[in-house]
Structures are given as C-alpha cells and as structure tokens.
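Subject: Structure for your files, with notes

Hello,

Here is the structure I said I would pass on. Please keep the notes below together with the coordinates.

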Amino acid sequence: MAETSFDRFLDGLYGALVRAQAAGRRRREQSLKQQFGGVGDGDTAFAIPTLRPDGWRTEHVPLLDLLEPREIGISQLIVEIACELRVKRTGPLGRDARVVIEVCNGSHAASARHRLRVHLRGVDLPQGDVFIDGRLLRRVDGTRQPVDPLPTKGRAPR
C-alpha cells in the first residue's frame with residue numbers, strides 16, 4: 001500500500017463528493033432533455049411567441065428554468081476506518097517525528113485500537129469534521145479546492 005499525506009486523503013474524499021454531486025446534476029439534466037425531446041448539447045427550450053410593438057417574436061425559455069429544481073443529491077459522505085496511530089521517526093538520526101495513521105483491514109480491523117471518522121456535508125461547498133475515537137481532530141473547510149489523491153513515492157510503513 002502506498003503512503004500518502006492526510007491532507008491528500010481528505011482532498012480525495014472531498015473531490016469524490018463534489019464530483020458525485022456534479023454527476024447527479026448532469027444525469028438529471030440529461031434525463032430531462034431525453035424526456036422532453038432534447039437533442040444535442042444545447043439546452044432544451046420552449047419557444048414562446050410574444051407580441052411586441054414591432055411584431056411577433058419568439059422567446060426561448062430553457063426547460064430547466066421552468067422546472068422545480070428537485071434532484072437526487074448527495075448531501076453528505078461519512079467514512080469510518082479502523083486504524084492504529086504510531087509515531088514515525090524521520091530526518092537525520094530520526095530526530096523528527098510525525099504521527100502515522102495506519103489503516104487496518106480484514107482480520108486486523110477487529111483488533112484496531114482507534115476509529116477514524118470523516119464526515120463531509122453540504123452541497124455547494126462541503127464542509128466537515130474529522131474525528132479520532134469521537135474527539136475532533138480537524139475541521140474541513142469547504143472553500144478548499146480538492147485535488148485528486150496521488151500517493152507519494154514510497155511504501156506503507158510496516
């Protein structure tokens with residue numbers, strides 16, 4: 001398993017939630033376009049004849065502007081992980097230390113001493129909280145731009 005920073009992990013979860021919300025909106029728009037005979041990439045619109053002082057004109061009103069904005073949405077993402085916390089020594093002669101969260105899976109999950117819980121909520125700019133064993137570790141700000149999680153070089157600690 002690759003080792004990655006905790007910020008990149010959170011950004012990956014945040015990005016997954018935002019992408020899932022956008023995909024749901026696109027599916028709904030596509031469904032409405034098919035339902036009402038939309039063709040191509042342009043918005044399906046109703047042509048409404050309007051009498052003006054200079055004669056009749058046709059106004060085009062997009063279908064999505066006329067319908068109530070009901071859609072199936074993803075309002076929150078909750079991930080709970082069994083984990084272990086340990087200190088990893090780095091730097092010259094191991095003087096620097098950082099806490100490493102090791103994910104426990106399979107048969108090791110039952111014996112894990114800690115639970116990591118990430119709770120993201122919100123539709124436009126999700127916000128959330130990260131807990132370890134029920135204690136708040138960090139707040140996730142909804143104004144951050146998510147990045148795709150790419151593991152850093154190296155291997156997971158043993």
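The notes cover the sheet, the helix across it, the nonpolar core, the salt bridges and a few single residues.

This is a predicted model, in which local features need pLDDT of at least 70 and side-chain atom pairs count only at pLDDT 80 or more, while totals for chains, interfaces and linings use all residues. Residues are numbered from 1 along each chain as its sequence is written, and side-chain values use heavy atoms, with hydrogens and water left out.

Sheet and helix

Helices (H or I, at least four residues) and strands (E, at least two) are DSSP runs, numbered from the N terminus. Two strands count as paired if DSSP finds at least two bridges between them. In general, strands of a sheet pair through backbone hydrogen bonds, either parallel or antiparallel.

Here, 5 strands form an open sheet in the order 4-3-5-6-7, and the pairing is antiparallel. Strand 4 (96–103) and strand 7 are the edge strands, each pairing on one side only. On average, neighbouring strands of the sheet are turned by 30° against each other, direction ignored. For such angles, axes are lines fitted to C-alpha atoms, for helices over the stretch in contact, and the angles run from 0 to 180 degrees between N-to-C directions.

Strand 5 and strand 6 are joined by 6 bridges in the antiparallel sense; L116 has I132 in strand 6 as its bridge partner. Strand 6 and strand 7 also run antiparallel, with 5 bridges between them, and I132 stands opposite R135 in strand 7.

Helix 1 lies across strand 3, strand 4, strand 5, strand 6 and strand 7, and runs at about 40° to strand 5.

Core

A nonpolar core is here a set of buried Ala, Val, Leu, Ile, Met, Phe, Trp, Tyr and Cys residues joined through side-chain atoms within 4.5 Å. Buried means under 20% relative accessible area, exposed over 50%, and partly exposed in between (1.4 Å probe, protein chains only). As a general point, nonpolar side chains tend to be buried together in soluble globular proteins.

The largest nonpolar core in this model has 12 residues: L10, L13, Y14, L17, I81, C83, L116, V118, L120, V130, I132 and V140. At least two residues of this core come from each of helix 1, strand 3, strand 5 and strand 6 (127–132). Helix 1 gives the most, with 4 residues. Contact means heavy atoms within 4.5 Å. Apart from neighbours within four places in sequence, I81 is in contact with F9, V103, H114, R115 and L116.

Salt bridges

A salt bridge is a side-chain nitrogen of Lys or Arg within 4 Å of a carboxyl oxygen of Asp or Glu. The count by this rule is 8 salt bridges, including the following.

- D7 and R138 meet through their side chains at 2.6 Å, N to O. D7 lies in helix 1 (residues 6–35) and R138 in strand 7 (residues 135–140), so the pair ties together parts that are 131 residues apart in sequence. D7 is partly exposed at 33%, and R138 is partly exposed at 30%.
- E80 and R117 form a salt bridge at 3.1 Å, N to O. E80 belongs to strand 3 (residues 76–90) and R117 to strand 5 (residues 114–121), so parts 37 residues apart in sequence are tied together. E80 is partly exposed at 45%, as is R117 at 28%. A network of salt bridges links E80, R115 and R117.
- R57 is bridged to D54, with the closest N and O atoms 2.8 Å apart. R57 is partly exposed at 43%, whereas D54 is exposed at 55%.

Single residues

H119 is found in strand 5 and is buried, with a relative accessible area of 15%. Leaving aside neighbours within four places in sequence, H119 is in contact with Q76, L77, I78, Q127, G128 and D129.

E29 lies in helix 1 and is partly exposed, with a relative accessible area of 34%. The C-alpha atoms of E29 and L63 are 9.4 Å apart, and the two residues are separated by 34 residues along the chain.

Regards
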